[in-house]
Amino acid sequence: MCLAVPFRLTKVDGVNAVGEKDGVTRDIRVDFLRDPKVGDYVVCHAGFAIERLDAAQAQADLDAWNELEEALATL
Amino acid sequence: MEVCGTHTMAIAKAGIRSLLPPDVELISGPGCPVCVTDQSEIDAILRLSEERNVILATYGDMVRVPGSAAGDSLAARSAKGARVRVVYSPIDALGIARENPDAEIVFLGVGFETTAPGTAAFVKAAKESGLPNVSCLSLLKTCEPVLRALIAEPDFRVDGFLLPGHVSTILGEDGFRFLPEEFGIPAVIGGFEPEDIIVALTRLIRQIRNGEAKIENEYRRAVRPEGNPLARRMIEAVFEPEDSLWRGIGRIPKSGLAIRKEYETIDAKKRFGLVIRETPEPAGCRCGSVIRGAVSPERCPLFGRICTPEEPVGPCMVSSEGACAAAYKYRPAE
């Protein structure tokens, strides 16, 4: 049960926040984040943000996967 | 072996097995929290749905899990008048309690460490709210004890583990170090995109071939080495370990999470005097063996013929994260 959704925080008020993805917004709880801010990307599971998504690392992962796919295309 | 229902589904959906070399076998282990919920616990939930004024608030995939009696499930009961509300978050149960002051709302707390912190926050919020009509039935289980139980089995033959990405978000790389350090078993934390899984498996296979054993983290964008201490602190504040029954495996010591005495007013087991009586699985059902990774879904005699998503015999076919549901949904075209 690791199903989770990446949301971008559009509002933060104590432990309550609003997350947005592809135009859909939802109330979520941010009890487990240190110092959550509007604009943060978070991994949200069952209505709770369980971690901040490291945007730099995510971009590095996407770039690595593109490199992998380009290499596979040459085989 | 992978031990995460979300990995089970992602692997089936992306057809990862078709990419693996012939000498690599990927086994599904106990990763689906609904599937490992014991038959006796399911029957206790069904009995609870009979109680006057009870509204059960639950995650969706519990609704069709079969009880011991033929045709019995929360879905069947709700067709006969039981009140069952599907929620996305345990916090939603508080809203239901406020809107239904004459009803007793019980949240079914199923899940592993990914779900435990939010469930704990719900229990805490329920107590602080002073609402008299809300409680939690904790069926939460933890990963380390079941991994240890599997490793201790005489027929254990797994060379490495693909570790659950979001359980690792909570527990960190540190939470699984016992695997290489105590047992010499390599393990890689993986995310859920197909590329995450391929990279994580590549790194795991490389460790196995080189005779190495360490924790690697492929999912660094969401998993810190130390995990999430705030989340773990919330779990520890509200829950304490207790022995728990796992479908197909039996009683594993200290593998479940019970609500602490401090929050006992929110504990549905105490409020309703629930007794969990050991119950056999439905006849012919091999879910227990599938969950342990001893039998693949396709090798269950009921798979696809008697047991289908429309008419499931056991939870592995019902749950959105069950190994049999994954195998059936993504089976090769005829």
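Modeller: Ground rule before we start: two strands pair if DSSP finds at least two bridges between them. Also, keep in mind that this is a predicted model. With that rule, four strands of chain B form an open sheet in the order S2-S1-S3-S4, and the pairing is parallel.

Colleague: What puts strand S2 (83-86) and strand S4 (134-138) of chain B at the edges?

Modeller: Each has a single partner strand, so one side of S2(B) and one side of S4(B) have no neighbour in the sheet. On average, neighbouring strands in this sheet are turned by 25 degrees against each other, ignoring direction.

Colleague: How do you know that strand S3 (residues 104-109) of chain B pairs with S4(B)?

Modeller: Count the bridges: five join S3(B) to S4(B). The rule asks for at least two, so S3(B) and S4(B) count as paired. The two strands run parallel, and B:Gly109 stands opposite B:Ser138 in S4(B). H6(B) lies across S3 and S4 of chain B, running at about 150 degrees to S4(B).

Colleague: There's another sheet in chain B. What makes S5 and S6 of chain B partners there?

Modeller: That one is open too, with three strands in the order S5-S6-S7 and parallel pairing. Its edge strands are strand S5 (161-163) and strand S7 (215-217) of chain B, each pairing on one side only. Neighbouring strands here are turned by 20 degrees against each other on average, direction ignored. As for S5(B) and strand S6 (residues 187-189) of chain B, three bridges join them; at least two are needed, so they pair. B:Leu163 has B:Ile189 in S6(B) as its bridge partner.

Colleague: On to chain A. What is in it?

Modeller: One helix and five strands, following the pattern β-β-β-β-β-α along the sequence.

Colleague: Why is chain A called more spread out than a compact globule?

Modeller: For 75 residues the globule rule gives 11 Å, but the radius of gyration of chain A is 15 Å. That is well over the rule, so chain A is more spread out than a compact globule. Along its principal axes, the C-alpha trace of chain A spans about 50 × 25 × 25 Å. Of its 75 residues, 32% count as buried.

Colleague: How do you know whether the length of helix H1 (residues 55-73) of chain A agrees with its residue count?

Modeller: At 1.5 Å a residue, its 19 residues should span 27 Å. The end C-alpha atoms are 27 Å apart, so the two values agree.

Colleague: What makes you say H1(A) is hardly covered?

Modeller: Among its 19 residues, the count of buried ones is one. A:Glu70 is in that helix.

Colleague: Is A:Glu70 buried or exposed, and what decides it?

Modeller: It has 9 other C-beta atoms within 10 Å. Exposed means 12 or fewer, so A:Glu70 is exposed. Its C-alpha atom is 33 Å from that of A:His45, 25 residues apart along the chain.

Colleague: Finally, which residues make the contact between the two chains?

Modeller: It takes 31 residues from chain B and 22 residues from chain A. Helix H1 (5-14), helix H6 (116-129), helix H8 (165-171) and helix H11 (229-238) of chain B each supply at least two residues of the side touching chain A. H8(B) gives the most to that side, with five residues. The residues on chain B's side divide into 16 nonpolar, eleven polar and four charged.

Key
Residues numbered from 1 in each chain as written. Chains lettered and ligands numbered in written order. Predicted model: local features only at pLDDT ≥ 70, side-chain atom pairs only at ≥ 80, totals over all residues. Contact = placed C-beta atoms within 7 Å. Nonpolar A, V, L, I, M, F, W, Y, C, P; charged D, E, K, R; others polar. Axes fitted to C-alpha atoms, helices over the stretch in contact; angles between N-to-C directions. Rg over C-alpha atoms; globule rule 2.2 N^0.38 Å. Buried ≥ 20, exposed ≤ 12 C-beta atoms within 10 Å, placed from the backbone. Expected span 1.5 Å × (residues − 1).
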